[in-house]
Amino acid sequence: SILNWKIEVGKGHSIYDIKYQEPNFLWLAFSTGQTVTQVSLTDQQEVFKIGEYSWDDNSEPLSYPESIFIKGNNLFIPNMGNNKLFKIDTITKKMDLVMTFLDRIWQYEETDIGTFIVTDTGIYELENIRH
C-alpha cells in the first residue's frame, strides 16, 4: 500500500534511512539536516525529533546521522560527522553516547553472529558492548 500523508518533515533534507517501530511509528534519519525524527503513522505527524533540520555542518549532538538501527526499545544512531554512536531509549527518549570512534561511522548493526559497524576503513565487529 502507499502511504499518503499530508505532513511535511525534513525541511527539504533527504531521508537517508527509515526504520519501522511497532505499533505505528517510523524513525527517519535526515543526514544533511543533522536530525532524526519519529513520525506517528496513526496521527500522521512528527512526534519527536533530535536536531533542528540544520544546514550547519557542526551541529550537536547529531552530525550527519547516516543510518539508524532499532532493537527492542533502543534506537542506535551512528554519526558520520563526529564519529559518535548514540543510543536512544524509544520510550523515555533518553539519549546516551555509546562510543566515539577514530573513523567516521556509517552504519551500526546487531545480528545473531555479532555487533558490527561500517567505517571509512572497513567493517568491524564490536566486542564487549553492553546495552
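Two strands count as paired if DSSP finds at least two bridges between them. Strands are DSSP runs of E with at least two residues, numbered from the N terminus.

I noted first that this is a predicted model, in which local features need pLDDT of at least 70, side-chain atom pairs count only at pLDDT 80 or more, and totals for chains, interfaces and linings use all residues. Residues are numbered from 1 along each chain as its sequence is written, and side-chain values use heavy atoms, with hydrogens and water left out.

Entry: I looked up strand 10 (residues 114–119) and found five bridges joining it to strand 11, the two running antiparallel. Val118 faces Ile123 in strand 11.

**Entry: a hairpin.** Next I went to strand 3 (residues 35–40) and strand 4 (residues 45–50), antiparallel and joined by five bridges. Ser40 has Gln45 of strand 4 as its bridge partner. Four residues lie between these strands, and Gln44 in this hairpin takes a positive phi near 55°.

**Entry: the cores.** Which residues did I find in the largest nonpolar core? It has ten, among them Trp27, Val36, Ile50, Leu62 and Phe86. A nonpolar core here is a set of buried Ala, Val, Leu, Ile, Met, Phe, Trp, Tyr and Cys residues joined through side-chain atoms within 4.5 Å; buried means under 20% relative accessible area (1.4 Å probe, protein chains only). A second, separate core of eight residues includes Leu85, Phe101, Tyr108 and Leu126.

Definitions and conventions
Buried < 20%, exposed > 50% of the residue type's maximum accessible area, 1.4 Å probe, protein only.
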